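Good morning, everyone, and thank you for making the time.

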Amino acid sequence: MSAVETFNALPAERLTEDLLACLAAPSWGAEIVAKRPYRDRAELLAAADAAARSLSWPDVLQGLSAHPRIGERAAGESKEASWSRAEQLAAAQSADDTTKGALIKANQDYEARFGHVFLIFASGRSQAEILAAAQERLGNDAETEQPIVRDELRKIALLRLERVLDAL
């Protein structure tokens, strides 16, 4: 049985748990579950992508609530915490103390400006790259920043959904 066939056959409760670990916005997971069955991986990922792109701002904020600050270690033993630690691991190892301190400051400034954590697709990026992006995005207004945040959340959710499928 393929991963997508398994995905289609899983009980909704089990899928909901896995999908919440990908993106902590219940409406996103509910939409994906409701559209089963999927013919193949591409169709499933396209549906997940479309659902993430259509999230309301309150849903985005709900999704953000499950993300730690960049550079902070996610606590707990959940799938989501484990994935977050892995996504930030390479970046954390690449930072010197000056960069780490500047990133902490950028996180604080960002949260004060926008009222939520700075979110970026960290996989494959160094802390210096993340810091540069944070500093650049601090110059945005909320209207400019919200679509960027939604897109970063979407990219993280899709990466995590790939992990779910790979584990089936």
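I will go from the whole chain to a few side chains.

Let me say at the outset that this is a predicted model, and that everything I describe was computed from it. The secondary structure of the protein chain comes to 9 helices and 0 strands, so if you follow the chain from the N terminus, the elements simply run α-α-α-α-α-α-α-α-α. Of the 168 residues in the chain, 46% are buried, and the accessible surface comes to about 8300 Å², with 53% of that belonging to carbon and sulfur atoms. When we look at contacts between residues at least 6 apart in sequence, 73% of them join residues that are at least 24 apart.

Now please find the loop between helix H7 (97-114) and helix H8 (127-137), where Phe-121 lies. Which residues does Phe-121 touch, once we leave aside its neighbours within four places in sequence? Those contacts are with Glu-152, Lys-155, Ile-156 and Leu-159. Phe-121 also lies 9.9 Å from Ile-70, C-alpha to C-alpha, although the two are 51 residues apart in sequence.

Let us turn to the aromatic rings, where the structure holds 3 aromatic pairs. One of them joins Tyr-110 and Phe-118 in an edge-to-face arrangement, with 5.2 Å from centre to centre and 75° between the planes. Tyr-110 is buried, because its relative accessible area of 0% is under the 20% cut-off, and Phe-118 is buried as well, also with 0%. Together with Phe-114, Tyr-110 and Phe-118 form one aromatic cluster.

My last topic is charge. Side chains of opposite charge can pair when their charged atoms come close. The count here comes to 12 salt bridges, and I would like to set two of them side by side. In one, Arg-39 meets Glu-43 at 3.2 Å, N to O; Arg-39 is exposed, with a relative accessible area of 70%, while Glu-43, at 25%, counts as partly exposed. In the other, Arg-154 pairs with Asp-49, the closest N and O atoms being 2.6 Å apart. This pair links distant parts of the chain, since Arg-154 sits in helix H9 (residues 142-167) and Asp-49 in helix H4 (residues 41-53), 105 residues apart. Are these two partners buried or exposed? Arg-154, at 11%, counts as buried, and Asp-49, at 18%, is buried too. Salt bridges that share partners then join Asp-49, Arg-53, Asp-151 and Arg-154 into one network.

Definitions and conventions. Residues numbered from 1 in each chain as written. Predicted model: local features only at pLDDT ≥ 70, side-chain atom pairs only at ≥ 80, totals over all residues. Heavy atoms only, no water. Helix = DSSP H or I, 4+ residues; strand = E, 2+ residues; numbered from the N terminus. Contact = heavy atoms within 4.5 Å. Buried < 20%, exposed > 50% of the residue type's maximum accessible area, 1.4 Å probe, protein only. Areas by Shrake-Rupley, 256 points an atom, 1.4 Å probe, with all protein chains shown as cover. Phe/Tyr/Trp six-rings, centres within 6.5 Å; stacked < 30°, edge-to-face > 60°. Salt bridge = Lys/Arg side-chain N within 4 Å of Asp/Glu carboxyl O.
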